[in-house]
Amino acid sequence: MHDDVLSEMLRSLWLTDIFHSVWEAGGTWGVKGHDDKCAIVHYMLNSSCVIAFGDDPKPVELHEGDLAIFPHGTAHVFAAEYGVQTTPLSALVQDFPPGESGVVRVGTPPYRTRMLCASLHYSAIGESGLYSALPRIIVLRRHMIEGEPLLLRTLDCLPSEIGRTAPGSRLVTLRAFETVFVLSLRIAMEQLAEESSALTALHHPGISKALMSIHGSYAEPWTVESLSREAGMSRSVFSQVFRDLVGESPMRYLTARRLQEARRLLADTSVAQQDIAQRIGYRSQVGFHLAFRKEFDMTPGDYRSRRASGKPSS
């Protein structure tokens, strides 16, 4: 059941684009990235590096065979060692045409450090509250990856696949990185749950069942009582544990999930606007309009119009 709730959480995320490359570094080197609306993957092929965030003086060390996932594309530095002078990421990849990939070199030869990197761009419309609560970095150590044959084989094959120009290569690479991302979250959910309340929620035997119900059957007339029964917990304990792990009440989370789906449907002009309220679980158009406007500070009609015109809608 646990991986089912993970599937439901990720189902509404749509992978729209990817940038991937092999990095080669030598000497005393450092790269400073920026906040980006994507998921980022760093896989150490050779040697090691450190990862640092601007608000945390304690760096994270990555060694050969380690994998780091950044679910939210949080700005970070990756470098030979902590505190070195850095080069902006944009300056190193500015010559890459959109959609292209290749080798990026930083520092001075010999380039003994090699890293596989990717930015997975998802549509922000589909990001759930639970996904937003994932930690800014998830690190899988080499011994954890070696126990997952599918993840290990995919990572081992990616460097050679990146350089191919055979038909379908771009789609193959995109799906391979998406597989790496999903498998990494599954492993983190199973082995690193204590490091994050969101991962704990995904792994919790009761809360995960309630989350599965909310994500998979959001249009049902759920109440706190019915969700607590799904979780096999008392109403009071369920409400408290859900709030502690997810960060908001069950009904607030359900509302957010419904309105997330509403945005997806509004972006699809083949869906009649008057049908959306019922499809996401609202019994009245008025209730839906009020909830949508409170959440996004615009009406459903305004949202659809802005999406159609290409204007920012959130």
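## Overall fold

Among contacts in the protein (heavy atoms within 4.5 Å) between residues at least 6 apart in sequence, 76% join residues at least 24 apart. The structure is a predicted model, in which local features need pLDDT of at least 70 and side-chain atom pairs count only at pLDDT 80 or more, while totals for chains, interfaces and linings use all residues. Residues are numbered from 1 along each chain as its sequence is written, and side-chain values use heavy atoms, with hydrogens and water left out.

The protein has 14 helices and eleven strands; these are DSSP runs numbered from the N terminus, helices being H or I of at least four residues and strands E of at least two. The radius of gyration, taken over C-alpha atoms, is judged against a globule rule of 2.2 Å times the number of residues to the power 0.38. For 314 residues a compact globule would have a value near 20 Å, and the 21 Å of the protein agrees with this. The C-alpha trace spans about 65 × 45 × 40 Å along its principal axes.

## Nonpolar cores

Of the 314 residues, 47% count as buried, where buried means under 20% relative accessible area, exposed over 50% and partly exposed in between (1.4 Å probe, protein chains only). A nonpolar core is a set of buried Ala, Val, Leu, Ile, Met, Phe, Trp, Tyr and Cys residues joined through side-chain atoms within 4.5 Å. The largest such core has 75 residues, of which Leu-67, Leu-120 and Leu-140 touch the most other members. Helix α6 (residues 169-191) gives the most to this core, with ten residues. Apart from it lies another core of 20 residues, including Trp-29, Val-31, Phe-78 and Val-106.

## Loops and backbone geometry

Ala-193, in the loop between α6 and α7 (197-203), is buried, with a relative accessible area of 10%. Beyond residues up to four places away in sequence, Ala-193 touches Ala-188, Leu-199, Thr-200 and His-203.

Most residues other than glycine have a negative phi, and most peptide bonds are trans. A cis peptide bond, with omega about 0°, joins Pro-109 and Pro-110; Pro-110 lies in the loop between β9 (102-107) and β10 (113-122). Ser-47 has a positive phi of about 65°, is found in the loop between β3 (39-46) and β4 (48-53), and is partly exposed at 33% relative accessibility. Asp-297 has a positive phi near 60°, sits in the loop between α13 (285-296) and α14 (300-309), and is exposed, with a relative accessible area of 68%.
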